[in-house]
Amino acid sequence: MKARGTLRAGAIFCHFIIFASAVIVMGLVSSFIDRSPFRGYRVVYLEVISVFTVFIYLFAIFFPMSRSYRGYMAPVSWIFTYLWITAFVFSSQVWSGAACANEQPSTASCSKKKTVEAFTFIAFWFQLLDLMLEGALFVLTRTSGAPAEASAATKERPGTGHTDASAALPATQSPASTGAHDGT
(Lines give C-alpha, C1' and ligand atoms only; values in the text may rest on other atoms or scores of the structure.)
Protein backbone atom coordinates (compact mmCIF):
# COMPACT_ATOMS: atom_id res chain seq x y z
CA MET A 1 0.00 0.00 0.00
CA LYS A 2 1.25 3.41 -0.92
CA ALA A 3 -0.28 5.10 2.13
CA ARG A 4 1.55 2.80 4.53
CA GLY A 5 4.86 3.51 2.77
CA THR A 6 4.30 7.25 3.05
CA LEU A 7 3.38 6.99 6.73
CA ARG A 8 6.43 4.84 7.42
CA ALA A 9 8.70 7.36 5.65
CA GLY A 10 7.15 10.16 7.69
CA ALA A 11 7.75 8.16 10.87
CA ILE A 12 11.41 7.64 9.95
CA PHE A 13 11.80 11.38 9.37
CA CYS A 14 10.10 12.23 12.68
CA HIS A 15 12.19 9.66 14.56
CA PHE A 16 15.37 11.18 13.13
CA ILE A 17 14.40 14.77 14.01
CA ILE A 18 13.38 13.69 17.53
CA PHE A 19 16.69 11.87 17.95
CA ALA A 20 18.73 14.83 16.65
CA SER A 21 16.87 17.32 18.87
CA ALA A 22 17.36 15.11 21.91
CA VAL A 23 21.09 14.83 21.17
CA ILE A 24 21.40 18.62 21.00
CA VAL A 25 19.42 19.11 24.22
CA MET A 26 21.42 16.37 25.93
CA GLY A 27 24.74 17.92 24.90
CA LEU A 28 23.86 21.43 26.00
CA VAL A 29 22.27 20.39 29.29
CA SER A 30 25.21 18.09 30.01
CA SER A 31 27.54 21.04 29.58
CA PHE A 32 25.33 23.08 31.95
CA ILE A 33 25.62 20.33 34.56
CA ASP A 34 29.36 19.93 34.00
CA ARG A 35 30.20 23.64 34.30
CA SER A 36 27.81 24.64 37.07
CA PRO A 37 27.24 23.37 40.59
CA PHE A 38 23.50 24.01 40.08
CA ARG A 39 21.44 20.78 39.89
CA GLY A 40 17.86 22.01 39.85
CA TYR A 41 15.00 19.67 39.04
CA ARG A 42 14.31 21.38 35.71
CA VAL A 43 17.85 20.86 34.42
CA VAL A 44 17.93 17.27 35.67
CA TYR A 45 14.52 16.58 34.09
CA LEU A 46 15.73 17.90 30.74
CA GLU A 47 18.82 15.71 30.96
CA VAL A 48 16.92 12.56 31.89
CA ILE A 49 14.27 12.95 29.18
CA SER A 50 16.86 13.69 26.50
CA VAL A 51 19.00 10.68 27.51
CA PHE A 52 15.99 8.33 27.47
CA THR A 53 14.90 9.71 24.10
CA VAL A 54 18.36 9.30 22.58
CA PHE A 55 18.54 5.70 23.81
CA ILE A 56 15.07 4.70 22.57
CA TYR A 57 15.09 6.58 19.28
CA LEU A 58 18.57 5.37 18.37
CA PHE A 59 16.85 2.06 17.66
CA ALA A 60 13.40 3.40 16.78
CA ILE A 61 14.75 5.19 13.71
CA PHE A 62 15.16 1.81 12.05
CA PHE A 63 11.82 0.20 13.02
CA PRO A 64 9.71 1.83 10.24
CA MET A 65 12.20 0.66 7.61
CA SER A 66 10.71 -2.81 7.92
CA ARG A 67 7.79 -3.51 5.61
CA SER A 68 6.03 -5.33 8.45
CA TYR A 69 6.08 -2.23 10.70
CA ARG A 70 2.55 -1.42 11.83
CA GLY A 71 2.93 1.64 14.08
CA TYR A 72 3.99 -0.21 17.20
CA MET A 73 5.75 2.89 18.60
CA ALA A 74 2.43 4.74 19.05
CA PRO A 75 2.26 4.14 22.83
CA VAL A 76 5.89 5.25 23.22
CA SER A 77 5.17 8.37 21.15
CA TRP A 78 2.16 9.13 23.30
CA ILE A 79 4.24 8.93 26.49
CA PHE A 80 7.16 10.95 25.10
CA THR A 81 4.82 13.65 23.77
CA TYR A 82 3.81 14.44 27.33
CA LEU A 83 7.38 14.23 28.60
CA TRP A 84 8.64 16.67 25.95
CA ILE A 85 5.83 19.19 26.45
CA THR A 86 6.71 19.16 30.15
CA ALA A 87 10.38 19.69 29.29
CA PHE A 88 9.42 22.63 27.08
CA VAL A 89 7.29 24.16 29.83
CA PHE A 90 10.12 23.77 32.36
CA SER A 91 12.67 25.40 30.06
CA SER A 92 10.38 28.24 28.99
CA GLN A 93 9.35 29.07 32.56
CA VAL A 94 12.84 30.14 33.52
CA TRP A 95 14.67 30.97 30.30
CA SER A 96 12.14 32.82 28.12
CA GLY A 97 11.93 36.08 29.98
CA ALA A 98 14.19 39.09 30.01
CA ALA A 99 15.88 37.82 33.18
CA CYS A 100 17.38 34.84 31.37
CA ALA A 101 20.93 35.84 32.28
CA ASN A 102 20.05 35.87 35.98
CA GLU A 103 18.46 32.41 35.98
CA GLN A 104 20.33 29.22 36.89
CA PRO A 105 22.60 27.79 35.64
CA SER A 106 24.30 31.17 35.70
CA THR A 107 27.44 29.92 33.92
CA ALA A 108 25.43 29.21 30.73
CA SER A 109 24.76 31.99 28.26
CA CYS A 110 21.24 33.00 27.35
CA SER A 111 21.75 31.89 23.77
CA LYS A 112 22.49 28.33 24.92
CA LYS A 113 19.49 28.32 27.25
CA LYS A 114 17.23 29.54 24.45
CA THR A 115 18.73 26.91 22.13
CA VAL A 116 17.74 24.23 24.64
CA GLU A 117 14.27 25.75 24.79
CA ALA A 118 13.98 25.78 20.99
CA PHE A 119 15.09 22.18 20.57
CA THR A 120 12.77 20.96 23.33
CA PHE A 121 9.94 22.57 21.38
CA ILE A 122 11.14 20.95 18.13
CA ALA A 123 11.35 17.57 19.87
CA PHE A 124 7.82 18.03 21.24
CA TRP A 125 6.39 19.15 17.92
CA PHE A 126 7.87 16.23 15.98
CA GLN A 127 6.89 13.87 18.79
CA LEU A 128 3.30 15.05 18.39
CA LEU A 129 3.49 14.64 14.61
CA ASP A 130 5.01 11.18 15.09
CA LEU A 131 2.15 10.26 17.44
CA MET A 132 -0.34 11.12 14.69
CA LEU A 133 1.62 9.19 12.05
CA GLU A 134 2.09 6.15 14.29
CA GLY A 135 -1.57 6.20 15.24
CA ALA A 136 -2.62 6.43 11.59
CA LEU A 137 -0.29 3.55 10.71
CA PHE A 138 -1.64 1.50 13.61
CA VAL A 139 -5.28 2.08 12.59
CA LEU A 140 -4.68 1.78 8.84
CA THR A 141 -3.06 -1.62 9.07
CA ARG A 142 -5.86 -2.96 11.24
CA THR A 143 -8.76 -1.70 9.13
CA SER A 144 -7.46 -2.09 5.57
CA GLY A 145 -6.16 -5.65 5.64
CA ALA A 146 -8.20 -8.80 6.04
CA PRO A 147 -7.25 -11.11 8.86
CA ALA A 148 -4.64 -13.71 8.01
CA GLU A 149 -7.15 -16.59 8.34
CA ALA A 150 -9.61 -15.06 5.88
CA SER A 151 -6.98 -14.20 3.31
CA ALA A 152 -5.67 -17.76 3.11
CA ALA A 153 -6.51 -19.68 -0.04
CA THR A 154 -9.43 -22.10 0.37
CA LYS A 155 -9.66 -25.42 -1.37
CA GLU A 156 -12.77 -27.23 -2.39
CA ARG A 157 -13.46 -30.39 -0.46
CA PRO A 158 -13.37 -33.35 -2.81
CA GLY A 159 -16.73 -34.84 -3.60
CA THR A 160 -18.81 -32.27 -1.73
CA GLY A 161 -18.64 -29.15 -3.85
CA HIS A 162 -18.18 -27.06 -0.69
CA THR A 163 -15.21 -24.92 0.25
CA ASP A 164 -16.13 -24.69 3.89
CA ALA A 165 -13.95 -26.95 6.03
CA SER A 166 -16.87 -27.84 8.29
CA ALA A 167 -19.43 -28.37 5.56
CA ALA A 168 -22.06 -30.96 6.30
CA LEU A 169 -22.27 -34.11 4.24
CA PRO A 170 -24.75 -33.86 1.38
CA ALA A 171 -28.08 -35.55 2.00
CA THR A 172 -27.35 -38.19 -0.68
CA GLN A 173 -24.42 -39.58 1.30
CA SER A 174 -24.94 -41.57 4.45
CA PRO A 175 -22.19 -42.06 7.02
CA ALA A 176 -22.09 -45.77 6.13
CA SER A 177 -21.44 -45.07 2.44
CA THR A 178 -18.50 -42.78 3.26
CA GLY A 179 -16.72 -45.45 5.20
CA ALA A 180 -17.28 -43.79 8.55
CA HIS A 181 -16.71 -46.06 11.44
CA ASP A 182 -18.42 -45.56 14.77
CA GLY A 183 -16.00 -47.73 16.72
CA THR A 184 -18.35 -50.74 17.39
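I call a residue buried under 20% relative accessible area, exposed over 50%, and partly exposed in between, with a 1.4 Å probe and protein chains only. This is a predicted model, where local features need pLDDT of at least 70, side-chain atom pairs count only at pLDDT 80 or more, and totals for chains, interfaces and linings use all residues. Residues are numbered from 1 along each chain as its sequence is written, and side-chain values use heavy atoms, with hydrogens and water left out.

Rings first. Rings of Phe, Tyr and Trp (its six-membered ring) pair if their centres lie within 6.5 Å; planes under 30 degrees apart are stacked, over 60 edge-to-face, and the rest tilted. Searching the whole structure gives eleven aromatic pairs. One of them is Tyr 69 with Tyr 72, edge-to-face at 6.0 Å centre to centre and 85° between the planes. Tyr 69 is buried, because its relative accessibility is 4%. Tyr 72, at 48%, is partly exposed.

Trp 78 and Tyr 82 also pair edge-to-face, with 5.6 Å between centres and 80° between planes. They sit four residues apart in helix α3 (residues 74-95), so about one helical turn separates them. Helices here are DSSP runs (H or I, at least four residues), numbered from the N terminus. Trp 78 is partly exposed, at 48%.

Ring pairs also join Phe 88, Phe 121, Phe 124 and Trp 125 into a cluster.

Last, what is the relative accessible area of Leu 58? The value is 39%, so Leu 58 counts as partly exposed. Leu 58 lies in helix α2 (residues 41-60).

Definitions and conventions. Helices (H or I, at least four residues) and strands (E, at least two) are DSSP runs, numbered from the N terminus.
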